[in-house]
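Please keep the structure in view while reading.

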Amino acid sequence: MKAASAATRRFTAFRRRRSRLRHAIPSRLVRQYARTRSRATELRKFYLPVRHRSRFQNVFHCCIQKTGSQWMMAMLSDPATFAYSGLSHYHYQSRDPVREVRNISERSFPDGFRPGAIVSPLYITYDNFAAMPKPEPYRAFFVMRDPRDLIASWYFSTRSTHILALVEPGFTEARATLLELSEEDGLCYAIDRWEEKGGFAALRSWAERGSLDENVRIVRYEDLVASGPETMADLLAFLDIRLPADQVRELVDAYSFRRLSGRSPGTEDRTSHMRSGRAGDWESLFTPRVAAHFASVAGDLTPALGYTSPRPLGG
């Protein structure tokens, strides 16, 4: 298991540190690689011993864009996670790309997913998740993030780093628009687009209704960044993935921002898909005008999600 984990982690670090090369690779090959990598986890049962089998038929990693979904997926699809859960990885985006182009509010899965897998990431509202057929017993978690940081992250990735062919309809036009706008105008545009696409409503659905579901755990992105091993250990215990404490620390360290980017958290590279690795970047980006526009569009979303609202820098 250690050899398999080490190889997987080294290759992930190699890809992340050279994320700009993704733009030179045809999108068809990128999807094919993701699909092959996910399917390969189903073969682990033939060569990796399962040291603990989770009592849950499925684990669902629910989220919206810009909440560290690829980072979390990397940890959940690691060989060590398989060894202590017996669950393979299912990446629906590469296996069924037609369904991936829908807005977050439209993403429903009436056929559900096959049992015996960690479905990660699953971009979905709580209401559509609740309506989805699920094998009993199951567990799910949703990664919550300060919506102001989501706006900042979306702005930079849309403007510069995301692969155009692998994202939602209208993304090409959004990039062209952002390239014409100032940073302040671009952030206001991002706020409007998130509202239009249902991102803010999706956050509310999980905070208001998902938090009441005994099979669901709400996890804060900020807690994962600030106290990764402790937060991850608590989450894995909820999912009945009994990774020993020392291996949880190794897992979180292997996929840390420092390991994958080669930079310390907070050291920004706006040309990299892994831009800064720090929570709270919005404070240096939200001018009084941007903050006011966010408040007019999102209303009480920030306090409703449990985030404080300090005065933005420059205000």
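The charged end of Arg148 lies over the ring of Trp282, at 3.9 Å from the ring centre. Arg148 also makes a salt bridge with Asp146, with 2.6 Å between the closest N and O atoms. The model is a predicted one.

- Arg148 is buried, because its relative accessible area of 5% falls under the 20% limit.
- Asp146 also has 5% relative accessibility and counts as buried.

**Salt bridges**
- The structure has 11 salt bridges.
- Side chains of opposite charge can pair when their charged atoms come close.
- Glu42 pairs with Arg114, and the closest N and O atoms are 2.9 Å apart.
- That pair joins distant parts of the chain, 72 residues apart: Glu42 is in the loop between H2 and S1, Arg114 in the loop between H6 and S3.
- Glu42 is partly exposed at 28% relative accessible area, and Arg114 is partly exposed at 32%.
- Asp300 forms a salt bridge with Arg204, with the closest N and O atoms 2.6 Å apart.
- This pair also links distant parts of the chain: Asp300 is in the loop between helix H17 (288-298) and helix H18 (301-304), and Arg204 is in helix H11, 96 residues away.
- Asp300 is partly exposed, with a relative accessible area of 45%; Arg204 is partly exposed, with 22%.
- Shared partners join Asp127, Arg204, Glu208, Arg209 and Asp300 into one network of salt bridges.

**Aromatic pairs**
- The structure contains 16 aromatic pairs.
- In one of them, the ring centres of Tyr92 and Phe113 are 6.1 Å apart and the planes meet at 50°, so the pair is tilted.
- The two residues are 21 apart in the chain: Tyr92 belongs to helix H5 (residues 92-95), Phe113 to the loop between helix H6 (97-100) and strand S3 (117-123).
- Tyr92 is buried at 0% relative accessible area, and Phe113 is buried at 10%.
- Phe129 and Tyr138 form an edge-to-face pair, 6.2 Å centre to centre with 70° between the planes.
- Phe129 counts as buried at 0% relative accessibility, and Tyr138 is buried at 7%.
- Phe129 and Tyr138 belong to a cluster linked by ring pairs, together with Phe60, Tyr126, Phe142 and Trp206.
- The charged end of Lys134 sits over the Phe129 ring, 4.6 Å from its centre.

**Helix H13**
- Which residues of helix H13 (residues 228-238) are buried? They are Gly228, Thr231, Met232, Leu235, Leu236 and Phe238.
- These residues lie on the same side of H13, because they cover an arc of only 155° around the axis.
- An α-helix has 3.6 residues a turn, so residues three or four places apart point the same way.
- The face turned away from the buried side of H13 carries the exposed residues Glu230 and Ala237.

**Helix H11**
- Ser205 is in helix H11 (residues 199-208).
- Ser205 is buried, with a relative accessible area of 2%.
- Ser205 and Thr125 are 80 residues apart in sequence, and their C-alpha atoms are 6.3 Å apart in space.

**Surface patch**
- Leu43, Phe46 and Tyr47 make a nonpolar surface patch of about 390 Å².
- Phe46 is in the loop between helix H2 (27-40) and strand S1 (58-63).
- Is Phe46 buried or exposed? Phe46 is exposed, because its relative accessible area of 65% is over the 50% limit.

Conventions: Residues numbered from 1 in each chain as written. Heavy atoms only, no water. Patch = residues over 30% accessible without salt bridge, like charges linked within 9 Å, V, L, I, M, F, W, Y side chains within 5 Å. Areas by Shrake-Rupley, 256 points an atom, 1.4 Å probe, with all protein chains shown as cover. Salt bridge = Lys/Arg side-chain N within 4 Å of Asp/Glu carboxyl O. Helix = DSSP H or I, 4+ residues; strand = E, 2+ residues; numbered from the N terminus. Buried < 20%, exposed > 50% of the residue type's maximum accessible area, 1.4 Å probe, protein only. Phe/Tyr/Trp six-rings, centres within 6.5 Å; stacked < 30°, edge-to-face > 60°. Lys NZ or Arg CZ within 6 Å of the ring centre and 35° of its normal. Arc of directions from axis to C-beta.
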